[in-house]
Amino acid sequence: KRSSRAQIQQRPLSCHFASRTEWDKMFLMMRTSLQFFFALAAPSLIVSAQTCDLGTGGYYDGVDVTDSSALHNLLQQTHQEVPFSAHPGNDVWDVLKDLDGDASGTLIRLIYKDTEHDNTPNVAASYNREHLWPRTKGVGYNGLDYSDIHAIRAAFFLNKAVRGDRYFSSCGLAHPQSECTSPAGSDFADTTEIDETTFAPPINRRGDIARAIFYMVLRYDGSEAGTADLHLTDCPTGEIGEYGYLSQLLHWHVDDPVDTVEQARNDKACQWQGNRNPFVDHPNLVQAFFGSPRPTPGDGQGYDCSTTTTTTTAPPTTTTSSVALQELLHETDFEYGWDGWVDGGWDSYRSNLLEACTGLYCIRIRDSTSGSHSSMTRAFGDLTSYDELKVGFSFYAIDMDDGEKFHLEISNDQNDDAGWINARTWVAGGGDDFINEATYHESVIIQGSILPGGSFGNTVSLRLRCDASENDDAVYIDDVSVMGIVV
């Protein structure tokens, strides 16, 4: 077989001239240098400024901006995908540096911390890419919504974890004001707020975020592969594609109007992605499309849900999912450890080479010495209250011959080797599921009915296992999420 990058990490790290820490630094320097080189080699913008112009003959030329269907079609037809991750080439990391970075290119503004930070992503105490519309609420891993730069911001890594997938709202709505924490944490801006189910960003960023969320509703109707029909409500139920709180976002839009920084970001975003956020260019459209906010309810009482509050802004819609509840159980990018996953032995390894789909770290599984040594496993415990699991992850393969494969498996008892049930298999080869040296984003629904007894038990575990033939055969796993679903 040819030599691969995966072989590099098999060389001894105990040489007299380099410690493991020093090797980590060397790999980081190499990776950073390569990214810098390719950033110079690749074009920085993909759409001409004239196409994005607001004047005569510009972006909205010939379009009735008061017609939400016409605007939806314009946003969809002019959208040019920006890769979430690229090996190498321009991707969302590069776009964020341009959209939210300073003039020197050395600093970037973090959305929830509301401070400028060293412009080096995904290293210790650094930043990640934050989806303003959470992935667990309808933005998946496979569609254009996953990398839509109008609704992604740079966020301090601890801020991203604390915010999670909470709904946007000021405190005192869904829970009493006495349960509010402000600021939301020691690393958040002073005006942030958080309680059990809601989060409020810094006051001077709330309007920006509201308009980004309104854009997502107008842009995505579920008609494109890998996307959902996104909509806003004051009475969220956990349905896929649903997010809240509409009335709170309407207030934020008024209280924090569009400024020159937001306008400039919209201009640059169009030059990268080809489309604009109409609610930044035409703020009056928000009320026209989404209506007026409901009166603010009493402390912790929530909105009156006896009548529907779901947005009906006019883009054509698809049939909504029958899912009643979707809850995030686990999410990790392995930047700070295994995060509950357990390596099976010598053929499972936390890697910091170029195969990471995002950031610096991922998990390598290789060969097929045995089920355990070639796998990564995580216990989830009692899942009896769920009907399905939705498992998402990214992967990147090296030297997998045609027909070699890897598996996603589930068990109600991980200590029973015979108890592992195959949920999905990926086979290498041009006519099969994947080819080498390409990044894939997967989403798998596992029904409890495939397990003995017909349902999830109280000791459920998941396992990703490589099934190949040699040490060179490797699959790199990254960006894992697991959601529990009640149908």
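These notebook entries record what I looked up in the structure.

**Basis**

I worked from a predicted model, in which local features need pLDDT of at least 70, side-chain atom pairs count only at pLDDT 80 or more, and totals for chains, interfaces and linings use all residues. Residues are numbered from 1 along each chain as its sequence is written, and side-chain values use heavy atoms, with hydrogens and water left out.

**Entry 1: the chain as a whole**

I began with the secondary structure and found nine helices and 20 strands. Helices (H or I, at least four residues) and strands (E, at least two) are DSSP runs, numbered from the N terminus. I then looked up burial: 54% of the 487 residues count as buried. Here buried means under 20% relative accessible area, exposed over 50%, and partly exposed in between (1.4 Å probe, protein chains only). The chain exposes about 19900 Å², of which carbon and sulfur atoms supply 51%. These areas come from the Shrake-Rupley method with a 1.4 Å probe, and for residues only the protein chains shown count as cover. I also noted that, among contacts with a separation of 6 or more, 73% are between residues 24 or more positions apart; a contact means heavy atoms within 4.5 Å.

**Entry 2: helix 2**

I turned to helix 2, residues 68-78, and listed its buried residues as Ser-68, Leu-71, His-72, Leu-74 and Leu-75. Seen down the helix axis, these buried residues fall within an arc of 160 degrees, so they line one face of helix 2. The arc is that of the directions from the helix axis to the C-beta atoms. I looked for what they pack against and found helix 5 (206-219), helix 8 (278-281) and helix 9 (285-290). At the start of helix 2, I found a side-chain oxygen of Asp-67 within 3.0 Å of the backbone nitrogen of Ser-69.

**Entry 3: the nonpolar cores**

I next examined the largest nonpolar core, which has 50 residues. A nonpolar core is a set of buried Ala, Val, Leu, Ile, Met, Phe, Trp, Tyr and Cys residues joined through side-chain atoms within 4.5 Å. The members that touch the most others are Tyr-112, Trp-133, Phe-168, Ile-213, Phe-214, Leu-232 and Phe-290. At least two residues each come from helix 2, strand 5 (167-168), strand 7 (198-200), helix 5, helix 6 (246-255) and helix 9. Helix 5 gives the largest share of this core, nine residues. I also recorded a second, separate core of 36 residues, which includes Trp-341, Val-391, Ile-410 and Val-444.

**Entry 4: Glu-224**

I located Glu-224 in the loop between helix 5 and strand 8 (231-232). Its side chain makes a polar contact of 2.8 Å with that of Arg-219. A polar contact is a pair of N or O atoms within 3.5 Å; within protein, one must be able to donate a hydrogen and the other to accept it, and residues adjacent in sequence count only if both atoms are side-chain atoms. Leaving aside neighbours within four places in sequence, I found Glu-224 in contact with Gln-76, Leu-144 and Arg-219.

I traced an open sheet of three strands in the order 5-7-6, with mixed pairing. Two strands pair if DSSP finds at least two bridges between them. Strand 5 and strand 6 (193-194) are the edge strands, each pairing on one side only. Strand 5 and strand 7 are parallel, with two bridges, and Tyr-167 stands opposite Thr-198 in strand 7.

**Entry 5: strand 13**

I checked strand 13, residues 362-366, and found five of its five residues buried. Cys-362, Arg-364 and Arg-366 are buried on one side, and Ile-363 and Ile-365 on the other. Strand 12 (residues 348-351) pairs with strand 13 in the antiparallel sense over four bridges, and Ser-348 has Ile-365 as its bridge partner. Strand 20 (residues 474-486) also pairs with strand 13 in the antiparallel sense over four bridges, with Ile-365 opposite Val-475.

**Entry 6: backbone geometry**

I noted a cis peptide bond from Ser-182 to Pro-183, with omega near -5 degrees; Pro-183 lies in the loop between strand 5 and strand 6. Another cis peptide bond joins Gly-244 and Tyr-245, with omega about 5 degrees. Asp-114 has a positive phi near 55 degrees and is buried, at 19% relative accessible area. Glu-437 has a positive phi near 60 degrees and counts as partly exposed, at 39% relative accessibility.
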